[in-house]
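User: I have a protein model open and would like to go through it. Can you help me read it?

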Amino acid sequence: MANQKSLYDLMSSLSAKAPDMQGGGLSSAHGQVDIRSAQIVKLAATLAEYLSSTCGMKPADTLTIVSSNSPEMAVVFLASTFCRAIAAPISKSVREEGYSAALSEAGTKLLILLSKENQCFAVTAAEKLGSPTLVVQVDKELHLTCCHQEGPEATLSERTTLHDPPQPNDVAHLLHTSGTTSRPKGVPLRHKNLAAGIDNVVNTYALGPRPGPK
């Protein structure tokens, strides 16, 4: 269908229409961070290029993200999909055997943590699989920093375009579900499905920037 979109297409369009729409005031490792839609897309594009050029991520590679309610989570999820990899978030409260099963099932190429303090069982599971770990953080000035485990921290230079943007039919998200056996399973969701779902929510509830004072 002609109107099929990737998450990059959708988020770029939404942020262009409402660049100052708040993405939320969320707590990160650096304290409270206020972030807006256009800033989220720029940070995600910056990280996407780093994941491709420095971390060697290729289309259809899986990135497992130890999730949290933080600006980093929004940026890392989008960045994973922007570089044509597959984002596979997993709760930080999962037990060690759950991480091992989920990372193995997904074929994880890279584990991403959103805090240096978040050294959970996922790191041990990734090490057993030979998958490296990357820590991603956003500070109060919206600088994006990355460091590999036990490595130096690097502040990334802003990028606003992608050299190989995702396609609507690319798999964007691997949704972990326990199923009936309690063993994590991955359900693949494509860019076009997620983008269509977001579009429907935006249109149904007339979401957008709040009008300013008259």
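User: How many helices and strands does the protein chain have?

Analyst: The protein chain has 6 helices and 10 strands. Helices (H or I, at least four residues) and strands (E, at least two) are DSSP runs, numbered from the N terminus. This is a predicted model, where local features need pLDDT of at least 70 and side-chain atom pairs count only at pLDDT 80 or more, while totals for chains, interfaces and linings use all residues. Residues are numbered from 1 along each chain as its sequence is written, and side-chain values use heavy atoms, with hydrogens and water left out.

User: What share of the residues counts as buried?

Analyst: Of the 214 residues in the protein chain, 45% are buried. Buried means under 20% relative accessible area, exposed means over 50%, and partly exposed is in between (1.4 Å probe, protein chains only).

User: Which strands pair with S6?

Analyst: Strand S5 (residues 108-113) pairs with S6 in the parallel sense over 3 bridges, and Ile112 stands opposite Leu134. Strand S7 (residues 144-148) runs antiparallel to S6, joined by 5 bridges, with Gln137 opposite Thr145. Two strands count as paired if DSSP finds at least two bridges between them.

User: What do S6 and S7 form?

Analyst: A hairpin, with 5 residues between the two strands. Leu142 lies in that loop and has a positive phi of about 65°, although it is not a glycine. Leu142 counts as buried because its relative accessible area is 16%.

User: Where else is there a positive phi in a residue other than glycine?

Analyst: Arg84 is one of them, with phi near 70°. Arg84 sits in the loop between H3 and strand S4 (86-91). Its relative accessibility is 17%, so Arg84 is buried. As background, most residues other than glycine have a negative phi.

User: New topic. Which residues touch the most other members of the largest nonpolar core?

Analyst: That core has 40 residues, and the ones touching the most other members are Leu47, Leu51, Phe82, Ile112, Leu134, Val136 and Leu144. Helix H1 (7-17), helix H2 (37-53), strand S3 (62-67), helix H3 (71-82), S5, S6 and S7 each give two or more residues to this core. H2 gives the most, with 9 residues. A nonpolar core is a set of buried Ala, Val, Leu, Ile, Met, Phe, Trp, Tyr and Cys residues joined through side-chain atoms within 4.5 Å.

User: What is Leu51 in contact with?

Analyst: Leaving aside neighbours within four places in sequence, the contacts of Leu51 include Gly56, Met57, Leu63, Ala79, Leu110, Ile112 and Leu134. Contact means heavy atoms within 4.5 Å. There is also a second, separate core of 14 residues, which includes Ile90, Ala122, Ala125 and Cys147.

User: How much of the contacts in the protein chain comes from residues 24 or more positions apart?

Analyst: Such residues account for 61% of the contacts with a separation of 6 or more.

User: And Val201, where is that found?

Analyst: Val201 is in helix H6 (residues 191-204). Its relative accessibility is 40%, so Val201 counts as partly exposed.
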